[in-house]
Amino acid sequence: MTKTEKSVVLDAPARRSARPWPDHGLAAISWLVAVAIVGLFCWIVGDLIWHVWPLFDWTFLTTSPRLGGREGGILPIIVSTLLILGIALMVAVPLGGSTAILLAEFTRRSGWYGRLVGRSLDVMAAVPSIVFGLFGNALFCQMLGMGYSILAGGLTLALMVLPILIRTMESSIRLVPPNYRQAAAALGLSRTRTVLSVLLPQALPGLLVGLVLGIGRVLAETAALLFTSGYVMRMPGSLLDSGRALSIHIYDLSMHVPGGESKAYATALVLLVILLVVNAIAIFIADRWQRRLTAKMI
């Protein structure tokens with residue numbers, strides 16, 4: 001080993017010890033942000049549990065509300081919320097996924113068509129939810145004759161989450177390295193087969209982020225549902241019946257029902273639990289799907 005090489009080896013620990021201060025600073029900031037986010041989430045959950053725990057019982061989940069929501073449970077409201085969520089996802093996920101694939105793989109980003117669709121999605125994402133509610137009321141409730149119904153509310157929310165889903169899925173597919181596309185082309189795979197078997201499994205984490213954001217917006221929406229699904233508290237008999245979502249029930253109990261604060265806290269806790277459960281199910285299904293596609297590729 002030459003003298004120069006020895007000096008490089010001896011000086012390496014000194015350089016390593018002098019360099020990491022910025023890295024340590026960034027790591028500390030990242031940890032602080034993560035701890036703050038987790039702490040805020042635990043604070044919200046703890047506050048809900050603190051207000052609900054002495055009053056919460058299982059009959060709250062299995063009975064119908066009485067006296068404007070002051071007494072009884074929220075079973076019809078849970079059913080209506082899940083139906084609205086199911087309709088929104090069944091419409092938005094296939095339509096949003098196919099549109100994202102079209103924009104990412106079969107459309108040039110610099111072309112006029114890609115720019116037009118992209119600008120339209122950006123404008124739709126910035127539209128207030130109450131405007132979507134008025135549009136859904138005019139289109140689904142009046143023009144198509146659905147009235148105030150769960151179906152009209154679900155279709156309106158599907159339109160609301162489409163920009164989020166499409167933009168997130170499109171970005172995830174575009175971020176897949178070009179080497180995957182080149183390898184698939186070298187193996188003679190068609191573009192459709194490449195998208196389904198190669199690109200989608202690699203972009204699955206980003207697709208899952210878009211799905212979780214869409215679920216969160218659907219479950220938390222209030223203004224749009226006031227004009228489409230209505231606020232009837234009875235058990236829906238079909239998708240054309242009016243139904244009250246959990247978010248609307250929380251708003252009504254906290255703002256318009258004297259003495260309904262405790263039930264509002266309990267309903268908020270149920271909404272949070274449903275959000276966590278639905279997200280966990282989506283993550284589980286996506287993980288199984290990714291493993292199955294990976295096994296087929298191997």
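This is a predicted model: local features need pLDDT of at least 70, side-chain atom pairs count only at pLDDT 80 or more; totals for chains, interfaces and linings use all residues.
Some ground rules. Local features need pLDDT of at least 70 and side-chain atom pairs pLDDT 80 or more, while totals for chains, interfaces and linings use all residues. Residues are numbered from 1 along each chain as its sequence is written, and side-chain values use heavy atoms, without hydrogens and water.

Pockets next. On a 1 Å grid over the protein atoms alone, a pocket is an open set of points where a 1.4 Å probe fits, with protein on both sides within 12 Å along at least five of seven lines; lining residues have an atom within 4 Å of a point.

The largest pocket holds about 470 Å³ of space. Of its 19 lining residues, V93, M169, L204, L211 and W289 lie nearest the centre. Helices here are DSSP runs of H or I, at least four residues, numbered from the N terminus. Two or more lining residues come from each of α4 (75–105), α7 (150–174), α10 (204–220) and α13 (261–297), and α13 gives the largest share, six.

The second largest pocket has about 180 Å³. Its lining includes L103, R109, R119, E170 and R174. Both α5 (112–126) and α7 supply at least two of the lining residues.

Last, the surface. L102, F106, W112, Y113 and L116 make a nonpolar patch of about 550 Å²; its largest share, three residues, comes from α5. Where does F106 sit? In the loop between α4 and α5. F106 is partly exposed, at 42% relative accessible area (the class between buried, under 20%, and exposed, over 50%, with a 1.4 Å probe and protein chains only).

Notes: Grid points are joined across faces, edges and corners, and a volume is the space filled by probe spheres set on the points. Patches are made of residues with over 30% relative accessible area and no salt bridge: like charges are joined within 9 Å, nonpolar side chains (Val, Leu, Ile, Met, Phe, Trp, Tyr) within 5 Å. Accessible areas come from the Shrake-Rupley method with a 1.4 Å probe; for residues, only the protein chains shown count as cover. A salt bridge is a side-chain nitrogen of Lys or Arg within 4 Å of a carboxyl oxygen of Asp or Glu.
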